Amino acid sequence: MRRIIFFFLFTLLSYNALAQYVQGVVLDDALNEPLPGAHVYYLEDKSTMQMTDYNGHFKIPIRKGTLQVSMMGFETYTEKIAGSKRITVRLKESSSQMKEVEVKVKKQKYSRKNNPAVEMMKKVIAAKTDNDLRRNAFFSYQKYEKMTFSLNEFTEKVFDDDHFKRFPQLREHVEYCPETGKLILPLMVQEQVMRRVYRKEPKTEKTIIDGKRDNGVNEFFSMDMFETIIGDLFREIDIYQDNIRFMQHEFVSPISTSHAIAFYRYFIVDTLEIAGTKCYQLDFTPNNSYDVGFSGALFIQADSSWRVKRAEISIPKMANLNYMDQLDLHQNFMTLPTGDQVLFDSKMIAQLKLANWIQKAQVERVERMTDFSFDPIDKTVFKFNGDTKINSSAEMRDEAFWENVRPVPLTKTESTMDLFVKRLSNVPGFKQVLWVLKAFIENYIETNMDPTKPSKFDFGPVNTTFAWNKVEGFKLRLSGMTTAALNPHAFAEGYVGYGFSDKQVKGMGKFTYSFNEKKALPFEYPVNNLSAEYYYDVVTPTDRFIDTDKDNVVTAWKWTSLDHQAYTQRIHLQYDREWENGLRFTVGYRRERMEGARNLFYQDVHSHGDGQDWTMPEMDFRFDRPFNRRFLTLSEFHVRLEWQPGVTWLNSKQRRRKTNYDSPVVAIGHIVGVKDFLGGNYNSNQTFIELGKRFWMRSWGRFDINFKAQYQWNQVPFPMLVMPAANFSYVIQDNTFSLIDNYEFLTDMNATLMLSWEMNGKLFNRIPGIRKLKIHEFIGVRFFWGDLSEKNDPFSERNRDGSNLMYFPGYFQRNGTYKTIYQPLDPSRPYIELVAGIHNIFKLIHIEYVHRINYLRPGTQTWGIRYTFRMYM
């Protein structure tokens, strides 16, 4: 087993020793230095063309014929090849080389004033609108895209290790990457062929996917986790856009209209010829190399068009960006017969490093654009919801289709990925190790240990097996759910739990029918589900604001004593429908029967005795009669309409999460309580509206705004009033208040505003020593406005008799008086929390200091420390 674990930690495999190559290095003959980017190919067969890596190395399969090595500005090298060999190629500077721009390097302060490089870039930026395809009435083109995820940096001496001599069947899957000069092991390959269509009036841009297939280790996982994560992180890069979303950050484009000149430094380096076109080479780099930005070179056509002919882009090594070891992006542009400039070739190689003790990885993204057309497009082509449509036959294309549409063939390992997966699954002990690994990643334990076959039933979430709270004490829970492998439309989930203090059994059972066929679970986007749920457990009213299971053992440690909870029995029926344009509609009915636990009870105001002592504002009073109500029943219908245009999701077995926050969030909803319907005790009407938006601030990070307003129209008891989203755990929960106590603020009208700024290390990047830690600053402020109208105030004289109200939650003191924990809010003075934090500690830990500004009374916690573990790029 130790050998198996060692195998999966490092995944160091050997390459095919039987393959025959010509290997070598290309040097500048005059300087005796390596030449990266030289082209190595056979005169008779250019399909095998390779480029030398940054150390000048190359490796090309043997072909009969003449090997040529060429590079702009140098004489072409030619040699007849007869067999496998190593060669050293020395390229001499061409005597016919175009005259270069003289560059005088002096140690002087960079200045944008009277800088010819800056003036040239201003012309490039000014010409952007003339090079925008969207100025045409219509356009379309075909795009081929390939994404390959590999393990990186294998070394020759690893192949002799005793651990790997036992796996000779896997040796041939390691291959040479000519762009980096390193050995890699491809683990996953995704190919797509699509048609991009655009019309100007009305402005519409759509993508129609005609072919799609995935091969590799992603087959071992039931969710499209890897494809979604990699696709979101390594998006296509369009330098003609002002701002570029990449690696979950917003980069300033080197030709951004509004920010490029201020953010980057430009240098004229060379004048050269590219594909017969005279070009100026302009190198660029961020003003501060620790800021998140690009560096590289732009090759500008030396004519009046000021178009980019080629772009070579990377990211500075010191940039405050996690896990990116090296980025190499090469893009080539051409001019069509119509005069339009287009990107036709793009290749990205991102080398990733999570930690020194973990095997490095590589992501390669290849894009080829062809068949450009500006002819009118029939309006029916645009008639589908959302921005992307996958044709019904896209995932059933045969090999003949892919051979026809591929601009370049797959490598040997990429084309035999099915064989690799089969061999990997047959390695002794692999299934057991993967089973444990999946349980750790997905938080669910599969009942099928064969990774090539999907599990029909999973136990989990694992982190809810043990829990603790004041009502139940120590709690054991067994949870599970079915998957689409059992039925792609019908799903069941639930749990059974037992509290050792209250000695009660709790549980939940839920059945969901999905009208859409699912790959794994019912909440996959887009949903079209009908569900029925039965639930009985101990809850607090703010459990619904927490983005995790209430029994998550990680959040069991609370900063406040939760003495007011309720045993809740719930029956919930719901229909949930989403559309590809981001619209979501939810409607349902729920019946809840609540019983107070510990210090929570339901006492009608009009049942008090004459001896009651009203001592406002302390709100201490004495009860002379026993409590007259033990249970409270709510019978409610609810409806919600939500819109998030352009949202994308990452599916996991517990829930789905957003992978982008670029789109606004707009939601409105209403809840209607009906008295005497299935035992309901009260009539009620509650309306709410929610707004949210993320603003990208380029190298200054991101700024989030979230707003919510609620209003309760009827006279109702305190369980039906509207409360702030309070978090009682030490674990950070987004968009919640960290220092508001349970039942502290009860209102029938309120508004919440959350402002937060993740600054991407913008300030720390300027502090020597600190900037090497790559930590991020975080600041935020949270506001809560609220009011309790007289009709819902149990302490108002008008409500002492005949009202629907109940006494607010509180405590009995030793002298027999009852003290409520409620605190009234001044509508003109909001509750305020300030947050200051350090994120990205060791690329994982986030710590925040929270300070409460106002509404302080004896015993109030005024500050606290909160934490969480998150991986940011």
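Q: Before we start, what does buried mean here?
A: Buried means under 20% relative accessible area, while exposed means over 50% and partly exposed is in between. Keep in mind that this is a predicted model.

Q: Got it. So is Lys360 buried or exposed?
A: Lys360 counts as buried, because its relative accessibility is 19% and the cut-off is under 20%.

Q: Where is Lys360 found?
A: Lys360 is in the loop between β20 (341-352) and β21 (361-373).

Q: And what is Lys360 in contact with?
A: Leaving out neighbours within four places in sequence, Lys360 is in contact with Ser150, Leu151, Asn152, Glu153, Asp325, Leu352 and Lys353.

Q: New topic: how many residues are in the largest nonpolar core?
A: That core has 67 residues. Those with the most contacts inside it are Phe234, Ile239, Phe246, Phe294 and Met324.

Q: Which helix gives the largest share of this core?
A: Helix α2 (residues 116-126) does, with six residues.

Q: What does Met324 touch?
A: Not counting residues up to four places away in sequence, Met324 touches Phe234, Phe246, Met247, Ile315, Ala350, Gln351 and Leu352.

Q: Which residues does the second, separate core include?
A: Leu634, Met720, Leu721 and Leu746 are included in that core of 20 residues.

Q: What about cysteines, how many disulfides does the structure hold?
A: Zero disulfides. As for burial, Cys177 is buried at a relative accessible area of 4%, and Cys279 counts as buried at 0%.

Q: Okay, rings now. How many aromatic pairs are there?
A: The structure holds 38 aromatic pairs. One of them is Tyr513 with Phe515, edge-to-face at 5.2 Å centre to centre, with 80 degrees between the planes.

Q: How are Phe745 and Tyr855 paired?
A: Edge-to-face as well, at 5.7 Å centre to centre and 75 degrees between the planes. The pair links distant parts of the chain, 110 residues apart. Phe745 is in the loop between β38 (702-712) and β39 (749-758), and Tyr855 is in the loop between β44 (845-852) and β45 (863-869). Phe745 and Tyr855 are both buried.

Q: Which residues form an aromatic cluster?
A: Tyr602, Phe718, Tyr743, Phe795, Phe808 and Tyr822 form one.

Q: Last one: what lies over the face of Phe401?
A: Arg397 does, at 4.6 Å from the ring centre. Lys693 lies over the face of Phe695, at 5.1 Å from the ring centre.

How values were computed. Residues numbered from 1 in each chain as written. Predicted model: local features only at pLDDT ≥ 70, side-chain atom pairs only at ≥ 80, totals over all residues. Heavy atoms only, no water. Core = buried A, V, L, I, M, F, W, Y, C linked by side-chain atoms within 4.5 Å. Buried < 20%, exposed > 50% of the residue type's maximum accessible area, 1.4 Å probe, protein only. Helix = DSSP H or I, 4+ residues; strand = E, 2+ residues; numbered from the N terminus. Contact = heavy atoms within 4.5 Å. Disulfide = S-S within 2.5 Å. Phe/Tyr/Trp six-rings, centres within 6.5 Å; stacked < 30°, edge-to-face > 60°. Lys NZ or Arg CZ within 6 Å of the ring centre and 35° of its normal.
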